[in-house]
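The following report describes the strand order, helix packing, domain division and ligand surroundings of the structure shown here.

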Amino acid sequence: MSEGLETRLKGGGDKWALFLDFDGTLVDIVERPSEVVVDPELPEVLARLQEKLDGALAIISGRPIAFLDERLGSSRFDSAGLHGLEHRIGDDLYLCQAEDHPALRAVVERLREIVSAKPGLIIEDKGCSVALHWRLAAHEKEFCIATAHAALESLGPDYRVQFGKAVAEILPSAAGKGKVIESFLHEPPYRGRRPVFIGDDLTDESGFKAVNAQGGISVRIGLGDTVAHQRLGTPAELRHSLLEWAAGGPLPFERNI
Ligand SMILES: O=P(O)(O)OC[C@H]1O[C@H](O[C@H]2O[C@H](CO)[C@@H](O)[C@H](O)[C@H]2O)[C@H](O)[C@@H](O)[C@@H]1O
């Protein structure tokens with residue numbers, strides 16, 4: 001048994017830290033990144049859970065923190081954005097600066113030119129990373145994968161490609177959800193709590209590994225190979241479970257770890 005797990009099982013084991021992915025987990029997947037819709041009840045449910053967990057609730061997303069704030073309203077939840085390149089715990093905010101990534105900026109411009117001749121492909125420029133989406137042009141999947149790998153060659157080892165749902169994203173190699181969840185767990189109010197991480201995608205797998213190693217609970221939404229220990233069918237099911245938990249119900253996930 002790991003030291004972390006042993007400590008948590010001996011004391012304070014019922015204190016949870018909740019980490020939630022955004023796209024495909026809290027909100028349904030839609031055709032275009034800009035069209036994502038937040039259920040009107042969700043921010044209030046998250047705020048109630050945040051209170052119940054003494055503040056230990058964070059959104060762990062590939063989106064920029066500014067986007068999460070805009071969609072989730074004024075609550076300003078603790079967050080990790082851009083797969084962990086940005087973070088905010090309380091008033092402690094670190095944002096990634098696009099101007100620190102000049103080589104990537106050049107790649108974004110090249111990708112825009114390439115994609116302008118390919119209807120249906122979408123470039124999502126997130127400043128310190130760029131995503132190439134093919135959800136509206138599934139036949140271009142192989143082209144997008146090859147294009148992302150070619151772009152990576154010009155950037156070198158400081159960057160990597162992260163695949164997701166109908167998307168290839170080029171981002172700094174240092175980014176990773178597992179690492180950022182581990183770093184949150186060293187800080188109050190997360191320190192000493194057992195982590196729960198809920199996600200749906202390849203980018204969430206490192207987060208599942210991190211919470212598994214801490215004796216936490218990992219939940220994957222939907223199908224697909226995963227190291228998560230539990231599954232839920234859809235974001236709507238998750239929202240319902242979170243609503244019940246916030247309303248005073250028990251932890252909605254099995255504790256069979
Ligand atoms: O870490 P997440 O919060 O899950 O974000 C992962 C990526 O999600 C978004 O793309 C995905 O959702 C889009 C909207 O439903 C969908 O159109 C796209 O096909 C999916 O890949 C987002 O656009 C990316 O920036 C995030 O990295």
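An open sheet is built from 4 strands in the order β6-β7-β9-β8, and the pairing is antiparallel. Because β6 (122-125) and β8 (159-164) stand at the edges with a single partner strand each, one side of each is left without a neighbour in the sheet. From one strand to the next, the twist averages 20 degrees. The model is a predicted one: local features need pLDDT of at least 70, side-chain atom pairs count only at pLDDT 80 or more, and totals for chains, interfaces and linings use all residues. Residues are numbered from 1 along each chain as its sequence is written.

Several terms apply throughout. Helices (H or I, at least four residues) and strands (E, at least two) are DSSP runs, numbered from the N terminus. Two strands pair if DSSP finds at least two bridges between them. Axes are lines fitted to C-alpha atoms, for helices over the stretch in contact, and angles run from 0 to 180 degrees between N-to-C directions.

Helix α4 (residues 102-116) lies across β6, β7, β8 and β9 and runs at about 20 degrees to β7. Helix α5 (residues 141-155) lies across β7, β8 and β9, at about 10 degrees to β9.

A second open sheet has 8 strands in the order β5-β4-β3-β2-β1-β10-β11-β12, with mixed pairing. Its edge strands are β5 (92-94) and β12 (230-232), each of which pairs on one side only. Neighbouring strands of this sheet are turned by 15 degrees against each other on average, direction ignored. The table lists pairings from this sheet.

| Strands | Sense | Bridges |
|---|---|---|
| β2 and β3 | parallel | 3 bridges |
| β3 and β4 | antiparallel | 3 bridges |
| β4 and β5 | antiparallel | 3 bridges |
| β11 and β12 | parallel | 3 bridges |

Strand β3 (residues 78-81) is covered on both faces: D78 and A80 on one side, and S79 and G81 on the other, are all buried. A residue is buried if 20 or more other C-beta atoms lie within 10 Å of its own, exposed if 12 or fewer, and partly exposed in between, with C-beta atoms placed from the backbone. The bridge partner of I59 in β3 is S79, and S79 also stands opposite R88 in β4. A80 has H87 as its bridge partner in β4. R88 in turn stands opposite L93 in β5.

β3 and β4 form a hairpin with 4 residues between them, and L82 in the turn has a positive phi of about 50 degrees. β4 and β5 form a hairpin with 2 residues between them, where G90 in the turn has a positive phi of about 60 degrees.

Helix α6 (residues 177-184) lies across β1 (16-20), β2, β3, β4 and β10 (194-199), running at about 160 degrees to β2. Helix α7 (residues 205-213) packs on the sheet and touches β1, β2, β10 and β11; its direction makes about 160 degrees with that of β10.

K177 is placed in helix α6. K177 counts as buried because it has 27 C-beta neighbours inside 10 Å. Leaving aside neighbours within four places in sequence, K177 is in contact (C-beta atoms, placed from the backbone, within 7 Å) with I60, H83, G84, T203, D204, S206 and G207.

The protein chain is divided into domain 1 (3-96 + 175-246) and domain 2 (98-172), with bounds from an automatic or database domain assignment. The domain centres, taken over C-alpha atoms, are separated by 25 Å. Contacts link 15 residues of domain 1 with 16 residues of domain 2. On the side of domain 1 that touches domain 2, the residues divide into 8 nonpolar, 4 polar and 3 charged. Here Ala, Val, Leu, Ile, Met, Phe, Trp, Tyr, Cys and Pro count as nonpolar, Asp, Glu, Lys and Arg as charged, and the others, Gly among them, as polar.

The ligand is surrounded by 24 residues, the closest being F22, D23, P33, S61 and G62; a residue is near a molecule if its C-beta atom, placed from the backbone, lies within 6 Å of it. By class, this shell has 8 nonpolar, 6 polar and 10 charged residues. Domain 1 and domain 2 each contribute at least three residues to the shell, and β7 (130-133) and β9 (167-172) each supply at least two.

Terms used. Contact = placed C-beta atoms within 7 Å.
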